[in-house]
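Biologist: I would like a close look at a single part of this model, taken slowly and with the terms spelled out.

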Amino acid sequence: MNKKLLALALALGLSLSLTACGGGNDAPAGSENTTPQESAQAGGGNTADTFVFATADGVEVAVNEDMADVLAALGQEQSYFEAESCAFEGLDKTYTYPGFVITTRPDGDKDYVNSIRLTDDTVSTGEGVYIGSSESDVTTAYGESGSDTEGMLSYTAGDVALNFILEDGVVTSIEYLPA
């Protein structure tokens, strides 16, 4: 039970800290983040420089991407929330879509994707890992070299960390965050 509480606390704390007050002031990623990497990885969720999430409709979303471009591609969200940013000037925004949530951070007159959190098993990473996948599914898709903290596997590509929260060897949360 303590492992469950620790994993849940880690996931919640990480999400809250990076959603409302987190992220860096990295420059937004360029178009190289949307070109699929020519690699042996199935699904192509890892580009030459970073991890990219692709929706069921094939829309690719990358951490640090201009949110205006993402909104144009995704269309109307199911729900929207905004709050004054405690780390930047402006508003942190949260857009909820079927199966995933995107949070942004303000930078001048633009908003950039700060995190992408998968919320159910209707979506998956480019490598086919979804909420409900096993720990072995994660290590088969991403390798054993990820950072392994009790209850979490984390992989970094470029400026993006891809985190998997595990409970009893099953993925309960997946999140793309600035590294």
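Which strands does helix α3 lie across, and at about what angle does α3 run to β8?

Modeller: This is a predicted model, in which local features need pLDDT of at least 70, side-chain atom pairs count only at pLDDT 80 or more, and totals for chains, interfaces and linings use all residues. Residues are numbered from 1 along each chain as its sequence is written, and side-chain values use heavy atoms, with hydrogens and water left out.

Helix α3 (residues 135-142) lies across β8 (152-157), β9 (160-167) and β10 (170-178), and runs at about 15° to β8; contact here means heavy atoms within 4.5 Å. Angles run from 0 to 180 degrees between N-to-C directions, with axes fitted to C-alpha atoms, for helices over the stretch in contact. Helices (H or I, at least four residues) and strands (E, at least two) are DSSP runs, numbered from the N terminus.

These strands belong to an open sheet of 8 strands with antiparallel pairing, in the order β3-β4-β5-β6-β10-β9-β8-β7, where two strands pair if DSSP finds at least two bridges between them. At the edges stand β3 (79-84) and β7 (147-149), each with a single partner strand, so one side of each has no neighbour in the sheet. From one strand to the next, the twist averages 20°.

Elsewhere in the sheet, helix α2 (residues 67-74) lies across β4 (91-97), β5 and β6, and runs at about 150° to β5. Strand β5 (residues 100-107) is joined to the antiparallel strand β6 (residues 110-118) by 8 bridges, and Val101 stands opposite Arg117 in β6.
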